[in-house]
Number of protein chains: 4
Amino acid sequence: MDEKCGVVGVSLADRAAARPIYYALYALQHRGQESAGIVTHDGFQQHSHVEMGLVGDAFSEADIAELNGPNGIGHVRYPTSGSVDSSCAQPFSVSFKSGSLGLSHNGNLVNAGALRDELAGLGHAFTSDGDTEVIAHDLARNLLDGDLVSAVERTMGKIHGSYSLAVMHDDRVLGLRDPQGNRPLCLGEVEDGYVLASESAAIDALDGELIRDVEPGELVVLEPDGAGYESHRLVEPDHTARCFFEHVYFARPDSTIDGELVYEARRELGRKLWDESGIDTDVVMPVPDSGRAFASGYAEAANEGDGSVEFAEGLMKNRYVGRTFIMPTQDERERAVRLKLNPIKSTVENKTVTLIDDSIVRGTTSTQLVELLRDVGAAEVHLRIGSPAIVAPCYMGIDMASREELLAASRSTEEVRETIGADSLAYISQDAVADALATDRADLCMGCVTGEYPYDIAGEATDREVSRPAINGNRASADD
Amino acid sequence: MDEKCGVVGVSLADRAAARPIYYALYALQHRGQESAGIVTHDGFQQHSHVEMGLVGDAFSEADIAELNGPNGIGHVRYPTSGSVDSSCAQPFSVSFKSGSLGLSHNGNLVNAGALRDELAGLGHAFTSDGDTEVIAHDLARNLLDGDLVSAVERTMGKIHGSYSLAVMHDDRVLGLRDPQGNRPLCLGEVEDGYVLASESAAIDALDGELIRDVEPGELVVLEPDGAGYESHRLVEPDHTARCFFEHVYFARPDSTIDGELVYEARRELGRKLWDESGIDTDVVMPVPDSGRAFASGYAEAANEGDGSVEFAEGLMKNRYVGRTFIMPTQDERERAVRLKLNPIKSTVENKTVTLIDDSIVRGTTSTQLVELLRDVGAAEVHLRIGSPAIVAPCYMGIDMASREELLAASRSTEEVRETIGADSLAYISQDAVADALATDRADLCMGCVTGEYPYDIAGEATDREVSRPAINGNRASADD
Amino acid sequence: MDEKCGVVGVSLADRAAARPIYYALYALQHRGQESAGIVTHDGFQQHSHVEMGLVGDAFSEADIAELNGPNGIGHVRYPTSGSVDSSCAQPFSVSFKSGSLGLSHNGNLVNAGALRDELAGLGHAFTSDGDTEVIAHDLARNLLDGDLVSAVERTMGKIHGSYSLAVMHDDRVLGLRDPQGNRPLCLGEVEDGYVLASESAAIDALDGELIRDVEPGELVVLEPDGAGYESHRLVEPDHTARCFFEHVYFARPDSTIDGELVYEARRELGRKLWDESGIDTDVVMPVPDSGRAFASGYAEAANEGDGSVEFAEGLMKNRYVGRTFIMPTQDERERAVRLKLNPIKSTVENKTVTLIDDSIVRGTTSTQLVELLRDVGAAEVHLRIGSPAIVAPCYMGIDMASREELLAASRSTEEVRETIGADSLAYISQDAVADALATDRADLCMGCVTGEYPYDIAGEATDREVSRPAINGNRASADD
Amino acid sequence: MDEKCGVVGVSLADRAAARPIYYALYALQHRGQESAGIVTHDGFQQHSHVEMGLVGDAFSEADIAELNGPNGIGHVRYPTSGSVDSSCAQPFSVSFKSGSLGLSHNGNLVNAGALRDELAGLGHAFTSDGDTEVIAHDLARNLLDGDLVSAVERTMGKIHGSYSLAVMHDDRVLGLRDPQGNRPLCLGEVEDGYVLASESAAIDALDGELIRDVEPGELVVLEPDGAGYESHRLVEPDHTARCFFEHVYFARPDSTIDGELVYEARRELGRKLWDESGIDTDVVMPVPDSGRAFASGYAEAANEGDGSVEFAEGLMKNRYVGRTFIMPTQDERERAVRLKLNPIKSTVENKTVTLIDDSIVRGTTSTQLVELLRDVGAAEVHLRIGSPAIVAPCYMGIDMASREELLAASRSTEEVRETIGADSLAYISQDAVADALATDRADLCMGCVTGEYPYDIAGEATDREVSRPAINGNRASADD
């Protein structure tokens, strides 16, 4: 399962924004490893540095030093639309009649093509094929004859899909979250200014305090130089469509999203998993690191009740196996799983094992791990999964896989269990997810587990039972 | 004296254009070492590869292999406007309503700012601060409601300054030369198609034949896949403003520009230099490589007449001293001249010497060379220069120097001689240049040696004696 | 606390050794990140590839492909002696009268200087200043007039200190462990051959089975092409001097060293830590990842007894903060701890906390973490440490710190607690360590916690109560 | 035809040697582009920096700054023996009992294998397979029980072949030239010290004065810190074996070798070429840059006599075509010659042409150029060559080609002419070469044009008519 982007915006009183943004991008690195960029504004002009690669490789000390000014935005990218090359690396910068714009985007527009055509019809020419340039051009047009807030409002009326944006108009930093709040965005305070970020862990990294989440449909404008911020609730939707998968898999455990600590949500899901499908085995162990919080909650619930399971680390992760790893030949591939996750024999041998992970996408790793545990002597291997079966693609920004690649898309749970080779398999229920995320189920986007989406996607069902008028209105006009 | 850009466009019957463009860029490398790029079109889509650095460093075998399609354009760049960074590297590519555009530009617009403001007023947003993006946006607008030729004609009516462009509209390659023909552009034929290039040496490199120069104000359209070409003379000016400095310094000696072989022009100038200011010395020697053709003509004329001078290579050039050379400390700098140009003592010692170079800009090298020749025992050092005294900046695309840096801008020839330390100094006359370039002097741009320019430059004189109606008309409308 | 080297040797029946060695080095990457290298032998000649950097960066697919032959050795390096540059990267290769030698060394000789002088007196010249070249030259000399086993025996009689060596003499791979067994080395079997490695996790990575540890003073000779192996017990010491710190900190938890799984040893130490100095707090949390196994045992023991503590992950580690990270300015440094380890507020706020780590060296991180936990609202912070107080340097190959830098070297436990700012502090006892490692305490090297060493170190005490005759004998002759 | 190495040694009063050595290596870059290195000594220790690549790429400003000390040596390498990898890059450094040694070697030993075996028999182990390590080890042994001069003398008695060495023993820089003086080496003086270099152009680059050539068999010892130098004539051979090809092709034209300016020697050879085989054609043109001095002398002689030829530059060299150039596909290869050397049509068309080059090795370029000149309309193409026909390999350090690849090895002049396609072909005679180099022919090594060598080469003839007693004596002992 692949990842998506992270955005950050910073406005400070009297120090350069670049270094704090650099640290914030480190804190958001898990959201995108393809490219990293920072754009700052020093009151007179924009400075930009965008490069392919990890944050640590993309910036030298000298690069940071040249990014002058106390206001700025940053971005880490994992591509979900647009070509996988440098022309789509962000922040995306343009200059236009009324100044300069910089944009960091997390999400995926569903009507980018139509909007692009509309702008092209007015004479616009595009240097990339990404969503972000389309938003930038539309916003630039609207800023020609409107103030900042009304220009953003008009652009928001046109773009349809998921987006959390950190925008810089000259030296003013904005945060904008789509009306359904699909992607996270939060606002924090540091000693001498304000911070917008995809996740609160980035605010922590700056020793700041989380103020609150940016609301769905809200525009937050940071006054230049850390002077304060203004809120504009541009759209107030009846329902949101927050991505449940951020909580289950994507976000950092130490981030608080929409009021809930991700780590606690996962522990709670682990507890519910025990309640729904707990099985007494000698040992409960997580797939590191993604299954750890689930397994901890699961084991705790087990021991609180009548169960008596041992929570143990039974798989050791090799943190050095990364992108430059030379893939083994076909017949060595299976062996090479042990390079990444090596079982601790004493934890497993002759024992019944419950293995806990956050999700099953293609099922490859699960299959290999079950085989590996049997190889080192596990008596039984039971699989418990912290999210429901994933049966449909994501159109909102997470590059999961095509429907054909999704193991559960065309298989019953029993068929999946058989494919993977586990002794038993249970997913958590959709109800438990909605319950754990402490929200009206109608406020969650669960398209990938239901196949029904909160946006009109060609060829896909809409979750019609939910009224989403503000968005439908926007969407209608954008689709004309 | 710095250099400017080289452009190339290629349309072939049934082989990929990328490799021939790559070779052509090698042949034009002297026109720009900052970045290199190729854009091709395979009939369905554009492919682009643009990188900082020399041609040989910018492209790998794999890069070339991915640039599919028999039609394409290329560019080597030395920046004359726009920031010195990758955002200005070319060809510049955009997609717009009616397809894709790629542009390779050599020259300098004098009204880019005004045109940019005009487009920004219509809502355009720009990703770079270069001329080329402005041309691309304007052309894209004009192509919305016009055919190719009329769209180019309307853009030509707006842009003012020097430009030789290789343009790709989808799979159609165009060549466009400004109405005053300031920068060179020529058309050639290869076995299976056609080539547009800044200099004919690039056509030679493809084993092609030069057909002719593109005329000032002419648009040449290459049919896709090498099928043929069409000519459209969009503007027919009364007078041109061809850059004499291309012939004297910038172009390759083996290129033919506007009908004249550069090597022969330089030899002819050398002969005239003898006629105007020849002096009998023991030896005549060029500053390599720039003075060689002049010195050869000078010596020949001397020996044809009553003179008897020996032509000799007295300065050996170290071809390895390049960009990565670590500059010496101040007191070692003078010594380091000998690293680049080492005198051959036996050629110089106890002899009277005539040293011949193409031009004097800042005068630094000339001063050092005269001192060096005296150090190794030259009895006298006389300097003869193949261009008139350079007294004013170039606004048309050659990054010579600011007026303050030009040694002759505020000094008489005698004062320049004294600064340089030569026993005598003579420049060639402006008349001789006009005569050698076999043209009406009114058809040359000699702004840098007269201070009077063929375009309206703020704060500079125009060479009013020449009527340039077509351009004035364009200029007027563009300046509104 | 820095790390040291990892070695591997492989002999296979009919496939190239390079790829398995590459995987094994990945499994040993935690033992050294400065350089990586592989040397193979194809029966006719040696092939070598050694580069600075991580395994993943040091080898391309092409590099692996060129390393022909079914027999080879590998190395990852963290420097403990010798300059920190490429001249010390290993394996170290030499050719000599009787063929070629390749050496991968983990450890530190205490008499390298004397032996080097001795060889220099015989005319030897050295290209590096590392231990390994000295061993190579001595072994080459001894091979001139002796068979392999007796040559190794003679070299072993001369070199004094810690060493685990993978050696390749032509196509024969050897494993050699010093008579006191200070550094680990083990022997494993794969489908088609044999493997020697610093840790058993490297054998797991090749889907192999651990046979046993190489004994202190033992030479294991792998027959070429995976045909088998021979054992030669060259020295049988009365006592060993195994590094306890391998078990506590350095080795992977999933490795088995000298018969004991590291993960279990750490859990057992955690249990003992509760027994010795357990304290009831609301929550027990590890410093990730090093404290996790200790904390797990500690919490388990607490809950088995009368305690009732919650085991929780309260600090989230950012796995992206690595070597290229730009260090913050002084006043940002404290903030930046949160980049690496971010506390989960809900786990900590208003709670009494026991924080568990493996060791305290300089104390910097401990101090920062205690402050960080208080900042996010911890009511109390108690520190429990899985190793005794480190009061003296290591001379055997672990680059801990100088005595001045060791926090506990000149401070009582109460003074260390005060410096760190914890509410209480307790180390595990030396007896508990000896007990947990299931061994006679006299067989462990505990120099860094006792200040008494199993080797003569100038200016340091020897643990005289232990008789180590074989070694003393060797040492005496080497020190002459 | 490939090239060989350049060496330099510098001793200065009170400034760092590294920067001057860096400049000197730039001046010698034509002698080797594979690697570059500098070793200095600051009175206490050696500093070394050796890297693959060109001088400008191998050293950063920081690298230069770290090379402390006023004494040092440098090297540029083109491999003639030893593997083509970094283990053979020089200077080669070793430390031994009596200090440190650094060696820069130009040449090729013919008995390196035997000497290596001898040292290996004494226990030496080697890290490379190059000549230089063998010399270093032997010298280190001899320095154990002898003073510097006698140690060098003993080593000189053992090594047989061509060598010009810059050696650094601690802070003392030595220059050593083999008894037959096969490779050049000269001594110069700068303001504050002394310089040893392969060519005098390197001394010029430091603004120094050439004192004289180092004599065959001479050892020059530079006192540390520029204090002076001592000469020791260790061997005085009856005859030398100076490489005539240095003068004809390899050395810079502005260098003086063994008392003769290379440029003048080539001009003189050009004059003799006219005398021997001059032919009246419309134009005489050099293959740039190698044929230029020959062509200048040839044309001069022609015009002094009864001839009347025009000297012209008819081929323009593209200086950017270098190592990174992507080779064209087979059928494009011929076209690509024009990328490197483009004919000036006006100089050639309908004219009879004499093309002058320094030598013919494989004949590929000559064949292509003749065809190219005919393609652009040359009426006749006559080839005149400044060296005799090359019929045999070089064993002394120039990597020409194998005998099979040498066009003239198995062909008569008429057959070569036919292969190349010229209208006529003439080489200069061996007598003319000996005469032009102002020396007894017996003092030249002309092995590549006679097939008879001044050293015993297995399978090759020796030029027995010349008595070379000192060397034979040495050789005899070395071959035992």
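Predicted model: local features only at pLDDT ≥ 70, side-chain atom pairs only at ≥ 80, totals over all residues.
Residues are numbered from 1 along each chain as its sequence is written, and chains are lettered from A, ligands numbered from 1, in the order in which they are written.

First, the domains. Chain A has domain 1 (6–240) and domain 2 (260–435), with bounds from an automatic or database domain assignment. Their C-alpha centres are 35 Å apart.

Next, the interface. Chain A gives 43 residues to the contact and chain C gives 42 residues; contact means that C-beta atoms, placed from the backbone, lie within 7 Å.

Now the symmetry. Chain B superposes on chain D by a rotation of 180° with 0.0 Å of shift along the axis, at RMSD 0.0 Å. The C-alpha of B:Arg319 is the nearest to the axis in chain B, at 4.1 Å.

Last, A:Cys5. An unreviewed UniProt entry annotates A:Cys5 as "active site"; such annotations may be inferred rather than shown by experiment, and positions follow the numbering used here, with feature names shortened. Is A:Cys5 buried or exposed? A:Cys5 counts as buried because it has 26 C-beta neighbours inside 10 Å; the cut-off for buried is 20 or more other C-beta atoms within 10 Å, for exposed 12 or fewer, with partly exposed in between.

Key:
Contact = placed C-beta atoms within 7 Å. Least-squares fit on C-alpha atoms with pLDDT ≥ 70 in both.
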